[in-house]
Structures are given as structure tokens and as C-alpha cells.
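This report looks at one strand and its neighbours, and then at a pair of helices. Please keep the sequence and the model in view while reading.

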Amino acid sequence: MITIVSGTNRPNSRARRVANLYAGILTELGAECQILDLVHLPADFVLTALYENAGQHAHFNQLARLAEEAEKLVFVVPEYNCSFPGVLKAFIDGLPYPAGIRGKKAALIGLSAGTQGGILALNHLTDILMYLGTTVLPTRVRLPGIDAHLTEAGELHHTLFLQLLREQAEQLVAW
């Protein structure tokens, strides 16, 4: 099972639209996948599901299991202030340690309204995942200027971006 993490809790996010698109590509490739959308995180999870409360929040635990039980992960990561959303870091911090996502394989997709395509966000996340023992696929896809190419309906009108997503998905499935 491949779990695609939509890396923000923003409703109707671009990350979720790209996650949906990626799920379609994986399905075409015959891979079983599911989406873990951080929009479904409990609003108070930082207080009620982390640290001394680890393992005690049923709804958070249900979402965490989607990551823990996956063989492979895909992180669709929007760029927020030259990094990735804090809610994604808090979610990762809430996963059981050291087990959690240790030993898993992960693919990363960065998106941004600007010209960098989330490269700094992907670098930060790569460092964290590697520290946790998660192997990161070298092919990290960056989608700069995403607003000009992604519709509200989730259609991506950029041939190169679509090609890069498909190539990464093929590598992830074969890995």
C-alpha cells in the first residue's frame, strides 16, 4: 500500500489536488494507494495527541496508522515560508518513535506559487525523514508556479510536470 500524504491542513488545498492526481497515476500503474489528508487532523492534536498524550487520541491514531501501515509514502508538500507546513512537522512528530515510518520508502513532491517549486521545503523534509530512517527516492519532483497550471478541479495543464509525476510514480512502484 502506498499512502499519499497531502502535507497541509488547509481546506481545498493545491496539495490535495496534486495528491488526487498522483493517486490516479498510481492507480493507472496498478498500485494500491490511499490519501492521508492532514485537513482531517483534529484541531487540537498538538495538545491532545503528542508527547505525554501519545497513543491516547483515537482520531489522531487512526490517521497515524495510515502512515505507519503503508509500505511506501508520497509526501505532497506545499512551500510555506521557505519550508513545509508546521502541521506536517507536528504530524510527523506525533508518529511513534522510533517505529513510526522507520524503514519505509518515500517520494517527495514540492509545490509553490513561486519559482523554486518548494526546494527548501523538500530539503528540510528530506533531512527529517532520513533522520527517522525513511529512505527518500532521489527523484524529487518540484512544481513551481503551480497556480498557473493547476485548476480548481485538479487538472494539471503542464506536460513536463505530468511527465515528471508519472516518471516518479513509475520509479516508486518499481522500487
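## Basis of the description

Two strands are said to pair if DSSP finds at least two bridges between them, and the helices (H or I, at least four residues) and strands (E, at least two) are themselves DSSP runs, numbered from the N terminus. The model is predicted, so local features need pLDDT of at least 70 and side-chain atom pairs count only at pLDDT 80 or more, while totals for chains, interfaces and linings use all residues. Residues are numbered from 1 along each chain as its sequence is written, and side-chain values use heavy atoms, with hydrogens and water left out.

## Strand β3 and its partners

Strand β1 (residues 2-6) and β3 run parallel and are joined by five bridges, with T3 having L73 as its bridge partner in β3. Strand β4 (residues 105-111) also runs parallel to β3, through seven bridges, and here V74 stands opposite A107 of β4.

Seven of the seven residues of β3 (residues 72-78) are buried, so the strand is largely enclosed by the rest of the structure; buried means under 20% relative accessible area, with a 1.4 Å probe and protein chains only. Both faces are covered, by the count of K72, V74, V76 and P78 on one side and L73, F75 and V77 on the other.

## Helices α1 and α6

Helix α1 (residues 14-28) and helix α6 (residues 159-174) pack at an angle of about 50°, with their axes 10 Å apart.

Technical notes: Buried means under 20% relative accessible area, exposed over 50%, partly exposed in between (1.4 Å probe, protein chains only). Axes are lines fitted to C-alpha atoms, for helices over the stretch in contact, and angles run from 0 to 180 degrees between N-to-C directions.
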